[in-house]
Amino acid sequence: MWQTLLYSCTGGAAVLYTLYRWVIPTAAQYHSGLALIWHDVIVERLLDTLTRSTRPQRILGVVQKKATRGDPCSVVKAIDQYCRHEEWAMNVGDEKGSILDSVVSEVNPTNVLELGTYCGYSTVRIASLLAPGARFFTLEFNPANAAIARQVISWAGLEDKVQLLEGASGDWIPKMKERFGIETFDLVFLDHWKDHYLPDTKLMEKCGLLRKGSVLLADNVICPGAPEYLTYIRGNPRYESRYFRAHLEYTKVEDGLERSVFLG
């Protein structure tokens, strides 16, 4: 009886392990809803409980263990390898990150605003490409994420090139001119809450933070999606937009970046 019970428990554990390690993750590679629920809810909560840490803390640990201090490329590589093979996270990721890099290099911005810092992954990618003297502001609502991001940015050796502001984007955007002397932004990277893309864009317009030629680059416009933002930006004669088709970070689910030039 005990032997039968042991075999049943062992077999059940093997099935659960197979589902956890291969079956569900493979299915999540191709299904947007499953990918977000599995990675961003179930697995994250499970690992938080088992490790008594948070995903951002685990990412910081990987950076400190695998990346070379003062080397932004090694920081990006360490996070990409961890998130692709160990634990998924909603960074812009390696595939879309290459598109981000190309836009930053093309625009060669003097003033940059990032909405949504999270762990500092895209912040490191952007800051490492900026020319000396460029000003880069990144906004993060979650204080715990901001604390992790500061350490990641510092590990990359970029703390002198980045000003991380904690708080809501809707509170900070109207203060940028008065507090920091910013007239307009050359590049804005939108990667925070998707339902904030549109109101924050309208707020930047209202505050006069966009000039003719300012570029907005919005991530995750398909998955999880920002339909109201896309409708506005694509139907507005004040913008010229282009969609860069790619995939949700570290999966095969369709996603992309929307690059929009403000025409004045």
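Colleague: Before that, what kind of model is it?

Modeller: It's a predicted model.

Colleague: Okay, how many helices and strands are in the chain?

Modeller: The chain has 12 helices and 7 strands. It runs to 264 residues, and buried residues make up 50% of them.

Colleague: What about the accessible surface of the chain?

Modeller: That comes to about 13000 Å², and carbon and sulfur atoms account for 56% of it.

Colleague: Let's go inside. Which residues touch the most other members of the largest nonpolar core?

Modeller: Those are V75, I79, V124, I126 and L248, in a core of 53 residues. Leaving out residues up to four places away in sequence, L248 touches a list that includes A35, L36, W88, M90 and V253. There's also a second, separate core of 28 residues, with L113, Y197, L198 and M204 among them.

Colleague: V75 and I79 look like they're on one helix. Which buried residues does helix 4 have?

Modeller: V75 and I79 are both on the list, along with P72, S74, V76, A78, D80, Y82 and C83. The cover over the buried residues of helix 4 includes helix 3, helix 5, helix 6 and helix 7.

Colleague: How far apart are the end C-alpha atoms of helix 4?

Modeller: They're 20 Å apart. Helix 4 has 14 residues, and at 1.5 Å a residue it should span 20 Å, so the two values agree.

Colleague: New topic: rings. How many aromatic pairs are there in the whole structure?

Modeller: A search finds 7 aromatic pairs. One of them is F137 with F180, a tilted pair with 4.9 Å centre to centre and 50 degrees between the planes.

Colleague: Why does that pair tie together separate parts?

Modeller: Because F137 lies in strand 2 and F180 in helix 9, so the pair joins parts that are 43 residues apart in sequence. Both F137 and F180 are buried.

Colleague: What about Y197 and Y229, how are their rings arranged?

Modeller: They're edge-to-face, with 85 degrees between the planes and 5.6 Å centre to centre. Y197 sits in helix 10 and Y229 in helix 12, 32 residues apart, so this pair links distant parts of the chain too. Y197 and Y229 are both buried.

Colleague: Now the backbone. Which peptide bond is cis?

Modeller: The one from C223 to P224, with omega near 0 degrees. P224 is in helix 11.

Colleague: And what's up with phi at R52?

Modeller: Phi of R52 is near 55 degrees, which is positive in a residue other than glycine. R52 is in the loop between helix 2 and helix 3.

Colleague: Is R52 buried or exposed?

Modeller: R52 counts as exposed, because its relative accessibility is 80% and the cut-off is over 50%. Y250 also has a positive phi, about 65 degrees, and isn't a glycine. But Y250 is in the loop between strand 6 and strand 7, and at 3% relative accessibility it counts as buried.

Colleague: What about T251, where is that?

Modeller: T251 is in the loop between strand 6 and strand 7, and it counts as buried at 7% relative accessibility. T251 and R84 are 167 residues apart in sequence, with 8.2 Å from C-alpha to C-alpha.

Colleague: Last one: where does Y243 sit, and what does it touch?

Modeller: Y243 is in strand 6, and it's partly exposed, with a relative accessible area of 27%. Not counting residues up to four places away in sequence, Y243 touches V221, I222, R234, E254, D255, G256, L257 and E258.

Terms used:
Residues are numbered from 1 along each chain as its sequence is written. This is a predicted model: local features need pLDDT of at least 70, side-chain atom pairs count only at pLDDT 80 or more; totals for chains, interfaces and linings use all residues. Side-chain values use heavy atoms; hydrogens and water are left out. Rings of Phe, Tyr and Trp (its six-membered ring) pair if their centres lie within 6.5 Å; planes under 30 degrees apart count as stacked, over 60 as edge-to-face and the rest as tilted. Helices (H or I, at least four residues) and strands (E, at least two) are DSSP runs, numbered from the N terminus. Buried means under 20% relative accessible area, exposed over 50%, partly exposed in between (1.4 Å probe, protein chains only). Accessible areas come from the Shrake-Rupley method with a 1.4 Å probe; for residues, only the protein chains shown count as cover. A nonpolar core is a set of buried Ala, Val, Leu, Ile, Met, Phe, Trp, Tyr and Cys residues joined through side-chain atoms within 4.5 Å. Contact means heavy atoms within 4.5 Å. The expected span of a helix is 1.5 Å times one less than its number of residues.
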